[in-house]
Amino acid sequence: MRFQNKTVLVTGAAGGIGSAIARRFACEGARVVITDVDTEGAAATAAGIGAGARAFASDISTPDGCKVVIENVMATEGRMDVLCNNAGINRRGPLLSLSEEDWRLSFAINVDALFHLCQAALPHMIAAGGGAIVNTCSQWGLHPAPNHIAYNVTKAAVASFTQNLARDYAPEKIRVNAVCPGEIHTPMLEAGVIRSGRAIADLDRLVPFGRIGRPEEVAALVAFLASDEAAFICGSLVEITGAQAVA
């Protein structure tokens, strides 16, 4: 019950890693606010958790969509102890295969949303005497994979954003860290596997640990980084890959 009497906001929580993060915090006593552009998916995640969570649908690809999320959390919960910036998209392909919309939407969701959400949330955390922000980065943001330039570049920006924000607001007792998953068994990954003509078992064989990761394992790391047990961890980019190098 590390998060009893605390409020946690999780973006992109309609499924995959985000829903696992929401469930983990709720299991540890938090009041969890789930947001996603997928209204039905967000509601389903909240319903699966029960009384410890509620859904609030919003499109965080826009500044107003980000602002209204933070306003809603403060108006209904009265506090924000943890912000998990998990929402993200992956527009696959090398540069010449991407449209301008692919590029701009990747930045709007993967990078710009962090700017707007943190800018709106930080004053409340500072006023409360501290807080924790955990961003979902990627192993590919640190070690680029081929043919994913939009995703790789935006996740590299998330890594830099995390370290910069941490250094600027550590004096205010705001801890900012990021998780950098490798291959994790999510709907997003499954879609990519299907398009490539491969199977999950093919990916398992590439991981020294013997299998790809699970959303619940990433959620456990996120919860640790947000908890008081990680009180001196700030500005860290933590890889969770099963020792897999980028293919």
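Helices here are DSSP runs of H or I with at least four residues, strands are E runs of at least two, and both are numbered from the N terminus.

Quick caveats. This is a predicted model, where local features need pLDDT of at least 70 and side-chain atom pairs count only at pLDDT 80 or more, while totals for chains, interfaces and linings use all residues. Residues are numbered from 1 along each chain as its sequence is written, and side-chain values use heavy atoms, with hydrogens and water left out.

Okay, the sheet. Seven strands make an open, parallel sheet, in the order β3-β2-β1-β4-β5-β6-β7. On the edges you have β3 (53-55) and β7 (237-240), each pairing on one side only; pairing takes at least two DSSP bridges. Ignoring direction, neighbouring strands are turned by 20° against each other on average. Zoom in on β4 (residues 82-85) and β5 (residues 131-136): they pair in the parallel sense over four bridges, with C84 opposite V134 in β5. Helix α2 (residues 39-49) packs on the sheet, touching β2 (31-35) and β3, and its direction makes about 165° with that of β3. Contact means heavy atoms within 4.5 Å. Angles run from 0 to 180 degrees between N-to-C directions, using axes fitted to C-alpha atoms, for helices over the stretch in contact.

Now two helix pairs. First, α3 (residues 63-77) and α4 (residues 100-128): their axes come within 8 Å and cross at roughly 30°. That makes α3 roughly parallel to α4, the cut-off being under 35 degrees. The crossing is right-handed, meaning the near helix is turned clockwise from the far one by less than a right angle. From α3, the residues in contact are P63, C66, V69, I70 and M74, and they meet A113, H116, L117, A120, A121 and H124 in α4. By class that's nine nonpolar, two polar and no charged. Nonpolar covers Ala, Val, Leu, Ile, Met, Phe, Trp, Tyr, Cys and Pro; charged is Asp, Glu, Lys and Arg; the others, Gly among them, are polar.

Then α1 (residues 16-27) and α9 (residues 215-226): axes within 8 Å again, crossing at roughly 50°. These two are therefore oblique to each other, and the crossing is right-handed. Among the contact residues are R23 and R24 of α1 and E216 of α9. The class count is 11 nonpolar, one polar and three charged.

Key:
Angles under 35 degrees count as roughly parallel, over 145 as roughly antiparallel, 65 to 115 as roughly perpendicular and the rest as oblique.
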